[in-house]
Amino acid sequence: MSKNNRWLAIVNLLSGSGKCGRDWEHIARMLYAKGIDFDTVFTGRRQHAIELAQRGIIEDGYRNIIAIGGDGTIHEVANGILTQTEVPSTDVRMGVVAVGTGNDWIRTYGIPRSYEGAVEVIAGGKELIQDVAKATYINRQGMEESRYCVNVSGAGMDAAVNLKVCQMKDKGKNGMASYMMQLASSVFGYRSCPMSVKVDGKEVASGMIMSVSVGIGQYNGSGMQQLPLSKVDDGLLDCTVIDTMSAPKIATVVGRLYDGKIYNVKKVHHYTGRQIEISASDVREVEVDGEALGTTPVKYTIEEKRLRVLVP
């Protein structure tokens with residue numbers, strides 16, 4: 001039976017170091033108070049939100065979905081919407097109540113971090129259809145695999161930091177302190193290798209590259225502006241290439257990651273295109289929307305106007 005007029009709330013109670021679980025009843029009351037009729041399902045493992053979104057759309061007829069959790073939950077719900085093939089992805093609306101540690105996807109849109117503000121955005125019903133990037137990489141089993149990026153992805157040092165953070169999350173160690181500890185460790189311990197970056201088939205960068213970021217949104221790493229010029233619906237991928245720097249140099253320019261002026265740094269380069277490929281002489285980690293999924297080589301292809309989201 002179709003439930004097109006109701007919402008499906010996909011809730012990750014573990015998000016935000018368990019904050020979502022502690023606050024869920026409060027969030028639910030706010031949704032009800034705004035006249036948002038919804039049914040609830042809870043995630044129980046990695047990639048479960050992908051399956052729950054697919055099932056909700058295909059089997060139960062939902063066309064309105066709320067992702068309640070962190071950036072990982074948003075990533076998985078979006079991938080559920082994008083990978084099912086029963087209905088066009090743009091027939092489904094996605095709202096978000098962010099209860100994570102980084103909350104980077106909402107920063108690009110200016111969606112409030114407060115529950116009240118986020119619920120107001122959902123109730124307001126203003127829509128935007130954003131682009132997405134299909135990322136194809138090598139998974140942990142050595143096989144080619146694809147996942148959709150709805151915010152920022154990357155390869156190199158940032159992805160190596162992200163892998164360590166994900167491993168710490170699995171051990172119950174979460175939060176900004178964990179991220180900053182791993183970032184500091186990687187700044188002094190990471191070793192760059194020769195990498196190549198192609199944009200629309202043309203090599204634009206090669207040599208000792210520390211990090212490459214590609215995406216649709218502007219923020220990752222809990223507020224870093226790796227892609228400050230990115231626009232969510234311009235039909236282009238943005239790409240930031242950071243050449244190898246010494247640890248002291250990184251320390252002097254890290255502030256540029258937070259004030260949107262990263263391209264003022266001499267060894268940072270900006271490109272745009274519809275397809276971006278990254279390869280490396282040694283295996284480099286790849287993350288997609290903060291999910292540690294695999295390794296290089298990785299190819300990103302823009303898919304325009306694929307995800308309908310609710311925005312302020």
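Is Asp104 buried or exposed, going by its relative accessibility? I looked this up and found 4% relative accessibility, so Asp104 counts as buried. The scale I used calls a residue buried under 20% relative accessible area, exposed over 50% and partly exposed in between, with a 1.4 Å probe and protein chains only.

**Ground rules.** I am working on a predicted model, in which local features need pLDDT of at least 70 and side-chain atom pairs count only at pLDDT 80 or more, while totals for chains, interfaces and linings use all residues. Residues are numbered from 1 along each chain as its sequence is written, and side-chain values use heavy atoms, with hydrogens and water left out.

I took helices and strands as DSSP runs numbered from the N terminus (helices H or I, at least four residues; strands E, at least two). Asp104 forms a salt bridge with Arg107, and the closest N and O atoms are 3.1 Å apart. For a salt bridge I required a side-chain nitrogen of Lys or Arg within 4 Å of a carboxyl oxygen of Asp or Glu. Both residues lie in helix H4, three residues apart, about one turn of the helix. I noted Arg107 as partly exposed, at 30% relative accessibility.

**Aromatic pairs.** I searched the whole structure and got four aromatic pairs. Rings of Phe, Tyr and Trp (its six-membered ring) pair if their centres lie within 6.5 Å; planes under 30 degrees apart are stacked, over 60 edge-to-face, and the rest tilted. Trp105 and Tyr109 are four residues apart in helix H4 (residues 104-109), so about one helical turn separates them. I found Trp105 buried, and Tyr109 as well. I also noted one aromatic cluster, formed by Trp24, Tyr32, Phe38 and Phe42.

**Other salt bridges.** My search of the whole structure returned 13 salt bridges. In one of them Arg6 meets Asp39, at 2.7 Å from N to O. Arg6 lies in the segment before strand E1 (7-11) and Asp39 in strand E2 (residues 38-42), so this pair ties together parts that are 33 residues apart in sequence. Arg6 has a relative accessible area of 29% and is partly exposed.

I then checked helix H9 (residues 256-259), where Asp259 and Arg256 lie three residues apart, about one turn of the helix. Their side chains form a salt bridge at 2.4 Å, N to O. Asp259 is partly exposed at 32%, and Arg256 is partly exposed at 30%.

Last, I recorded a network of salt bridges linking Arg93, Glu127 and Arg308.
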